[in-house]
Amino acid sequence: MIKRYHNILFLLVIIILGCEKDDICIEGSENTSRITIGFIDFENKSSKGINLNTIRGIGIDSIIEDFNGDKLKLPLMVNSNKTKYVFEYNETLDTLILHHQTIHKYLNRSCGYISNFIVKSDTEISKNHGWIKEVSIENDSIFNEEKTNILIHY
Amino acid sequence: MKKKQIFLFIISFIFSLNSIFSQTENTESDSLIKKDKLLNINKLRFGIDLSNPILSSSNDDNLSYEIVGDLQITDDLYLAGEYGSIDRYIEDENINFNSVGNYLKIGFDYNMFNNWVGMDNSIYVGLRYASSSFSNKVDSYTVRSGDAYFSNLVDNGYENITHNNLNGNWIEIVTGVKVETFKNIYLGISLRLNKLLSDTKPSNFDNLFIPGFNKVTDDNTWGSGFNYTLTYSIPFKKRK
């Protein structure tokens with residue numbers, strides 16, 4: 001009789017361990033934001049749409065192709081303080097080096113950590129042919145994707 | 001009229017109770033064990049949990065163990081406790097971390113099983129107050145991001161730190177069985193329902209695992225556990 005209890009208890013162990021609640025990260029929870037890059041005319045400082053042939057993150061093989069518009073959203077590296085992108089415009093390449101402070105914030109078990117960024121003023125461009133004339137920082141903190149963070153003058 | 005019936009009922013009830021009690025007294029005197037004794041410190045049992053060392057060795061962790069013990073204080077009541085040391089690597093949904101700590105659980109078990117003469121098995125319920133002090137070291141994690149262009153894995157720097165000096169307190173409701181398989185050697189299994197009372201929260205992290213309490217889920221203070229024990233009993237009196 002006691003053996004039977006033993007078996008029932010053993011079964012209960014398996015049931016309890018098997019029926020653990022799954023935590024699911026609710027859609028719409030805070031998320032890691034991308035940087036928003038605006039393109040403006042170097043001469044009259046007004047917003048000017050651009051047609052980039054390719055965008056490539058340094059250290060990454062895959063290429064983002066054909067961008068059209070005046071607001072570009074790009075991810076930053078969450079495990080570095082530096083993100084480098086190569087922009088190809090009219091078959092000329094310029095490299096944008098973004099220096100940023102990377103701050104990880106814990107949400108909960110199911111969502112884990114997200115990352116916020118603060119763009120540092122030593123963000124620079126290394127020119128190959130020089131289609132980028134200047135880079136300026138508009139809003140240095142990236143906690144959402146509403147504002148334009150940096151401007152590329154060309 | 002009604003009152004009379006109620007009286008009759010109460011009186012008959014008391015009489016029936018009386019007969020039940022006298023019956024139990026009879027069975028006790030049958031087994032020739034001392035009676036009219038409130039305290040019956042009869043045996044001290046101690047042993048180890050078998051599941052923790054097996055789990056820790058199969059997961060390549062450092063040794064985890066739990067020492068268990070109980071002391072019989074009356075016929076059915078036992079003072080019981082567990083002390084454990086846990087070192088476990090936990091691979092969670094987004095975060096991998098290592099949890100190291102010690103815990104102590106103290107309470108009592110109440111045996112509900114009526115043994116035949118010469119047998120010493122138990123089916124029991126119990127209660128524990130438990131306390132754990134521990135540290136959780138974040139080993140690696142995946143940052144939540146809608147974009148997977150760059151790798152979102154972080155395994156160096158940032159929040160890969162050890163959260164020290166954490167502690168948690170909880171109560172456990174225990175049910176279990178102990179079976180005497182050889183003379184004075186018992187195999188036991190118990191299930192525990194844990195209710196977290198308090199814990200110190202680390203900054204920018206949470207207690208996802210508390211040694212002794214086990215997994216802590218979001219917005220929920222309940223947990224569960226079990227152990228599988230091998231215990232040896234030191235009898236204070238010779239058993240018939």
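The legends below describe close-up views of a predicted model. In this predicted model, local features need pLDDT of at least 70, side-chain atom pairs count only at pLDDT 80 or more, and totals for chains, interfaces and linings use all residues. Residues are numbered from 1 along each chain as its sequence is written, chains are lettered from A in the order in which they are written, and side-chain values use heavy atoms, with hydrogens and water left out.

**View 1. The disulfide between A:Cys25 and A:Cys111.** The S to S distance of this pair is 2.0 Å, a disulfide being a pair of cysteine sulfur atoms within 2.5 Å. One disulfide is found over all chains in a search of the whole structure. Because the torsion about its S-S bond is about 100 degrees, the disulfide is right-handed.

**View 2. The loops that hold A:Cys25 and A:Cys111.** A:Cys25 lies between helix 1 (2-18) and strand 1 (35-40) of chain A, and A:Cys111 between strand 6 (92-108) and strand 7 (112-119) of chain A, so the pair ties together parts that are 86 residues apart in sequence. Helices (H or I, at least four residues) and strands (E, at least two) are DSSP runs, numbered from the N terminus. A:Cys111 has 3% relative accessibility and counts as buried, that is, under 20% relative accessible area (1.4 Å probe, protein chains only).

**View 3. An open sheet of four strands in chain A.** The strand order is 4-1-11-9, with mixed pairing; two strands pair if DSSP finds at least two bridges between them. Strand 4 (71-74) and strand 9 (134-137) of chain A are the edge strands, each pairing on one side only.

**View 4. Strand 1 beside strand 4 of chain A.** These strands run antiparallel and are joined by four bridges. A:Gly38 stands opposite A:Lys71 in strand 4 of chain A.

Terms used
Buried < 20%, exposed > 50% of the residue type's maximum accessible area, 1.4 Å probe, protein only.
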